[in-house]
Amino acid sequence: MITTLTGDNSWALQQELNAIVSGFIASHGELAVERIDGEEADFVHIQESLTSLPFLVSKKLVVLRIPSANKKFVDEIEALLNDSTETTEVVIVEPKLDKRLNYYKYLKKNTEFKEFLQLDFNGLSRWLIQSAKKQGGTITSNDARYLLERIGPNQQLLANELEKLLLHDTKISRQSIDLLTEPTPQSTVFQLLEAAFAGNAKRTLQLYHEQRQLKVEPLQIVAMLTWQLHVLAVIKTAADRTPAQIAKEAHLSPYVVQKSIGIARHMTIAELKKHIENLLTIDVRSKRDGIDIDEALQHYLLTLAVLNRTGERS
């Protein structure tokens, strides 16, 4: 059997690889697994591993990580895999595959092809609920979303935090999330911009000060705000494309696109352009004129909040 594991969801891909390897070791022992790094191994080594008979075991598993780094392997993959013995199973790990290449087409057609894509916000929320249940615990939909907003979309980090929360209490609550987890800078910067565009000046300043307490420097905040404004620009110019299409074509996380659409809906392209220009001015002046960037950033964010305020929200 030849299996291909690919996709940008590194956590899910690694979980599948671990399951395959663990299952094989349980049946055939530690000596039955051979791991080869395609970025380091030469073609002869790869060829010998695939075509030689197992030693001291009835079957062996060869895990090839990024064998496409070896050009000769790509050129001769069909003959090479056809020559592999019936007592050898192969797992090809290729996180990034170019779908235009014949190599991708061959793997797609001739191997058990498993692609692991990043989950969007709703998918991650469902995954958290299901994962908690599998581990004998519970988390509500609202609290799963709260954990996502606090931690961000990194599935490995989420898995680690979920395990920690369940050890504390099998019934995860917002209180335990606040007690045991720390907000990630990326997640909080999005909330910072979201609060500003919602016209919530008080929340905007609170989030900014939280960032500074987390030792996030003003220039880092500028960089993250710039990236978020870039995402908004991509969404605003995406015409009638769906969130999934935007994420795929712009090489963005579906989670990020999903979270940013709400903000993008409430501004014009002209307004977005002005926000970008103002942030650029702060960046340039901080380097050229030595302005107090802390003060300038707070003024920038409060200006956003005032411009977007409706009624008496604060």
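**Stop 1: Lys-259**

Select Lys-259 and its surroundings. Leaving aside residues up to four places away in sequence, Lys-259 touches Phe-121, Glu-149, Phe-190 and Glu-194 (contact: heavy atoms within 4.5 Å). This is a predicted model, in which local features need pLDDT of at least 70 and side-chain atom pairs pLDDT 80 or more, while totals for chains, interfaces and linings use all residues. Numbering runs from 1 along each chain as its sequence is written, and side-chain values use heavy atoms, without hydrogens or water.

Lys-259 sits in helix H14 (residues 254–265). Helices are DSSP runs of H or I with at least four residues, strands are E runs of at least two, and both are numbered from the N terminus. Is Lys-259 buried or exposed? It counts as buried because its relative accessibility is 15%. The cut-offs: buried is under 20% relative accessible area, exposed is over 50%, and partly exposed lies in between (1.4 Å probe, protein chains only).

**Stop 2: Glu-149**

A salt bridge here is a side-chain nitrogen of Lys or Arg within 4 Å of a carboxyl oxygen of Asp or Glu. By this rule the count comes to 15. Glu-149 is partly exposed, at 26% relative accessibility.

**Stop 3: Arg-174 and Asp-143**

Stay on H7 and pick Asp-143. Arg-174 forms a salt bridge with Asp-143, with 3.8 Å between the closest N and O atoms. Arg-174 lies in helix H9 (residues 174–180) and Asp-143 in helix H7 (residues 141–151), so the pair ties together parts 31 residues apart in sequence. Asp-143 is buried at 12%; Arg-174 is partly exposed at 36%.

**Stop 4: Arg-288 and Asp-289**

Their side chains meet in a salt bridge, 3.1 Å from N to O. Arg-288 is exposed at 60% relative accessible area. Asp-289 is partly exposed at 41%.

**Stop 5: helix H16**

Select residues 293–308, helix H16. Its 16 residues should span 22 Å at 1.5 Å a residue, and the end C-alpha atoms are 22 Å apart, which agrees. The expected span is 1.5 Å times one less than the number of residues. Buried residues in H16 include Ile-293, Leu-297, Tyr-300 and Leu-304. At the start of H16, a side-chain oxygen of Asp-292 comes within 3.1 Å of the backbone nitrogen of Asp-294.

**Stop 6: Leu-31**

Finish in the loop between helix H1 (10–28) and strand E2 (33–37), where Leu-31 lies. Leu-31 is exposed, at 67% relative accessibility.

Key. A polar contact is a pair of N or O atoms within 3.5 Å; within protein, one must be able to donate a hydrogen and the other to accept it, and residues adjacent in sequence count only if both atoms are side-chain atoms.
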